[in-house]
Amino acid sequence: MISCQGIKIVHPPTEEDLQVMAREAIMVFVAAGGPDDPACSIGEKLHDDCRIVSEIVAVTPDLAYDVSMQVLASGFDNVFSLSELKRPDFRKIINNKICKGRVRLRGRMQDEEYQRFRAALDVSPDAFIVFDENNRLFFVSEHYRRAYPHHAGRLARGLPVAEAYEMLCGEHGVHAGHPDYAPLKTFWHSLEGQIEFTDSTGRTVRVSAGKMPDGRGTIVSTTDITEYRRQQTLLESRSLELADALKKEQEAGAIQKQFIDMVSHEFRTPLTIIDGNAQHLQRRAEKTAPEEIVRRSKTIRSAVGRVIQLMDGLLSSSMVHTGRMEIIKEDLDLGGLVRQLVGEYQDLDKGHEFVITQENLPEAVRLDRKVTTLILSNLLANAVKYTKDQPRIGVYAGRRNGHIVLRVEDNGVGIPPDEQQAVFKRFYRATTSAGTPGTGIGLNLARELVELQGGRITLESDLGKGSRFTVELPASES
Ligand code: ADP
């Protein structure tokens, strides 16, 4: 009789099913024979379920008024007898009830939606504040209240957005004059997009605004991103460090390869010279004039000297780098050592002129012989190597201002100004060394050995005119 469009009549199999369905229904009809019918308890149960907004109606046989009231009192919202149901105007009554019921149901659904929305906002780690279509405060999440404890009490419904903005600024110590004050004001005025600012305590805060559908208002979230930014900066610097380390590693690999090529070439050249001359002497021993034997022997000795120097350099460099180079001081006749080393180069007879100057030098100074020899012979070898035309090499050894000073200067090719610092780097060879054999180890080794003793090495050079290397070592007499 009451079945029509939009009205569904169902017969739930159990009371539980009925209860679930009743939550979605506008009206529930329960057939009850009288006040003693167990069906009356259904009315009570449904009545007690606060999620049910449907009208619970008892349908009874025609009962006396009193009895009908007893049925109603057992928990129903209304009682209709079967004969009332058959009345022609009953449809109208039901329609009215359905209209009202629909409004009730919609209201309950909206309420549930709001509760869910609230719960979702409350569990979010961000602080939310919602403004209605008139930019007046509509909702504040618990998190927001906790984030702004000094103003939490004033965050009431209806508060204009401008006041909410002032509160936020006050709580973050962002006042007129603060660089973020004006941009924040513009943001809160438009309530669109996203803004980040750093407050007076150094915290970085991100505020995002998003319009709700159908122009129902704006939802604004505030997030403390200090830690995020810190981690981001850390990550950026770590990745820069990593990229840097990778670059260095690649450079080191390339340098190592270049070094191995260079060293093998450096060894091969003197060994080829030695072998070539030895073969010549072997094959033509009888026919070789004594002067030629002397000349070839000199060449062989010079090449052997080069190999020894190379090996010494490589070995000492690796010892310095692995921390195995020990400084063992002894009473050293520095003047004697200088003369001896210069003498060795003179013996090679390559036409270099050496001038030794000695000044204020005590008989013996406390220095490591091996280390001092390495420093000096590297400087001398370079002076000889890089000075080809009318070579003149000055060697100075003296004591000045409490320091031992050793200086080797030449009139050779010189070093371009922009390369003068780099020549002390391991494996670096200046552009002016092109065509001259070398490994780029000597000067780096010399500098490290000087520094190992607390001294320093400096360079002055004029391109095309010559170079001057000065070593200063802390002096202690024996
Ligand atoms: P190398 O084995 O190449 O000589 P060093 O480490 O001894 O290596 O020197 C590094 C670079 O410094 C050389 O390749 C050269 O370019 C430059 N250099 C060193 N000493 C002199 C010098 N007396 N005159 C000109 N250039 C020099």
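How far does a polar side-chain atom of Lys385 lie from an oxygen atom of the ligand? The distance is 2.8 Å. This is a predicted model. Lys385 also takes part in a helix contact, as one of the H12 residues that meet H10.

**Ligand site**
- The ligand is surrounded by 21 residues.
- The closest are Asn382, Tyr386, Arg429, Thr439 and Leu443.
- Asn382 places a polar side-chain atom 2.8 Å from an oxygen atom of the ligand.
- For Tyr386, an N or O atom in the side chain is 2.6 Å from a ligand oxygen atom.

**H10 and H12**
- Helix H10 spans residues 290–321, and helix H12 spans residues 369–385.
- Their axes are 12 Å apart, and the packing angle is about 130 degrees.
- The two helices are therefore oblique to each other.
- H10 passes H12 in a left-handed crossing.
- On the H10 side, the contact uses Arg306, Gln309, Asp312 and Ser316.
- On the H12 side, Leu374, Ser377, Asn378, Ala381 and Lys385 meet them.
- By class, the residues of this H10–H12 contact are two nonpolar, four polar and three charged.

**H9 and H10**
- Helix H9 covers residues 226–283 and packs against H10 at an angle of about 155 degrees, with the axes 9 Å apart.
- That angle makes H9 roughly antiparallel to H10, because angles over 145 degrees are classed that way.
- The crossing of H9 past H10 is left-handed.
- H9 contributes residues including Phe259, Val263, Phe267, Pro270, Leu271, Ile273 and Ile274.
- H10 contributes residues including Ile293, Ile300, Ala303, Val304, Val307, Leu310 and Leu314.
- Charged residues in the contact include Glu266 from H9, and Glu292 and Arg296 from H10.
- The residues of the H9–H10 contact comprise 17 nonpolar, three polar and four charged.
- Arg306 of H10 is among the residues that meet H9, and Arg306 is also among those that meet H12.

**H1 and H2**
- Helix H1 runs over residues 15–24, and helix H2 over residues 40–48.
- They pack at about 45 degrees, with their axes 11 Å apart.
- H1 and H2 are therefore oblique to each other.
- H1 passes H2 in a right-handed crossing.
- From H1, the residues in contact are Glu15, Leu18, Gln19 and Ala22.
- From H2, they are Ile42, Lys45 and Leu46.
- This H1–H2 contact divides into four nonpolar, one polar and two charged residues.

How values were computed: Residues numbered from 1 in each chain as written. Predicted model: local features only at pLDDT ≥ 70, side-chain atom pairs only at ≥ 80, totals over all residues. Heavy atoms only, no water. Axes fitted to C-alpha atoms, helices over the stretch in contact; angles between N-to-C directions. Helix = DSSP H or I, 4+ residues; strand = E, 2+ residues; numbered from the N terminus. Parallel < 35°, antiparallel > 145°, perpendicular 65-115°, else oblique. Left-handed = near helix turned anticlockwise from the far one by under 90°. Contact = heavy atoms within 4.5 Å. Near = heavy atom within 4 Å. Polar contact = N/O pair within 3.5 Å; in protein donor to acceptor, adjacent residues only side chain to side chain.
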